[in-house]
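Visitor: I'd like to learn how to read pockets and cores in a model like this. Can we walk through it together?

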Amino acid sequence: MANSTIIATPTSFRKLAPVKPASTKLLTFTPSSTSGLATNGGASGFLVVHADAELLILDKPAGLLSVPGRGADKQDCLSTRVQAFYPDALVVHRLDMATSGLMLMARSVGIQRALGALFERREVHKRYVAVVNGLPPAAQSPDGWSLIDLPIIVDWPRRPLRIIDAELGKASHTRWRVLAHDSTAQTTRLELKPLTGRSHQLRVHLQALGHPILGDRLYAPEAVCAMAERLLLHACALAFTHPVSGEATRFESAAPF
């Protein structure tokens with residue numbers, strides 16, 4: 001199984017020829033060797049992990065909106081910055097402003113629809129890394145994974161917060177496993193695999209589990225929020241079948257915490 005790393009920066013990008021279809025090769029991309037910030041550098045920039053004629057994979061920093069918000073002070077965002085270099089880039093999904101990590105953008109309406117269909121069919125596989133308060137026990141299952149099955153609904157009086165609601169909430173499922181315990185700090189590093197895509201799902205589920213994410217200004221108690229300068233949640237992997245080439249692709253980004 002061949003692994004490939006692609007380095008792409010806006011200053012060196014050129015249009016690629018259409019990709020040949022129907023390959024079964026697995027391509028793995030990691031941004032560890034990707035160089036170049038695409039905008040003004042520092043924590044406010046973004047990394048281009050992969051670029052081809054159909055799609056882009058970006059590594060969003062924490063603290064940057066995915067798409068424009070309401071108000072003149074919320075127009076700076078990842079999609080706007082990317083479109084300054086790739087005018088054809090279209091949003092496919094989002095990350096919370098406080099979350100860092102991998103985001104996918106399409107380069108045509110047709111590809112946007114195709115990728116959107118993959119998300120709807122749950123054929124885009126996402127993984128996250130988080131650091132949470134406390135020491136949750138290891139799973140009893142042989143594969144080490146546990147499941148959170150708790151329905152989520154908007155907390156209308158306190159929007160944009162979400163809450164668990166067994167009667168009115170939408171079905172929401174998150175798999176999780178322990179990667180490491182820090183017994184001194186009383187924290188745990190988790191790998192998370194959302195099976196559904198509700199807003200704030202991982203943050204709400206971990207709060208409900210009794211182990212909120214460090215630095216979570218929305219869902220963690222004040223003391224837990226103060227344990228980190230940012231939300232310690234990072235989208236570390238995306239895997240899907242490329243809609244044109246037919247290749248099974250996987251993109252990875254190491255957590256910056």
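Guide: Start with residue classes: Ala, Val, Leu, Ile, Met, Phe, Trp, Tyr, Cys and Pro count as nonpolar, Asp, Glu, Lys and Arg as charged, and the others, Gly among them, as polar. Here, the lining of the largest pocket has 20 nonpolar, 12 polar and 17 charged residues. This is a predicted model, where local features need pLDDT of at least 70, side-chain atom pairs count only at pLDDT 80 or more, and totals for chains, interfaces and linings use all residues. Residues are numbered from 1 along each chain as its sequence is written, and side-chain values use heavy atoms, leaving out hydrogens and water.

Visitor: Which residues lie nearest the centre of the largest pocket?

Guide: The general idea: rolling a probe the size of a water molecule over the atoms shows where empty space is left. A pocket is an open set of points on a 1 Å grid over the protein atoms alone, where a 1.4 Å probe fits, with protein on both sides within 12 Å along at least five of seven lines; lining residues have an atom within 4 Å of a point. In this case R94, L95, D96, S199 and H200 lie nearest the centre, among 49 lining residues.

Visitor: And which residues have the most contacts inside the largest nonpolar core?

Guide: Such a core is a set of buried (under 20% relative accessible area, 1.4 Å probe, protein chains only) Ala, Val, Leu, Ile, Met, Phe, Trp, Tyr and Cys residues joined through side-chain atoms within 4.5 Å. The largest has 32 residues, with L56, L58, V82, L192, L206, I213 and L233 having the most contacts inside it. L206, for one, touches A130, V132, I148, L190, L192, H211, P212 and I213 (heavy atoms within 4.5 Å), not counting residues up to four places away in sequence. A second, separate core of 15 residues includes I57, L102, L104 and F251.

Conventions: Buried means under 20% relative accessible area, exposed over 50%, partly exposed in between (1.4 Å probe, protein chains only).
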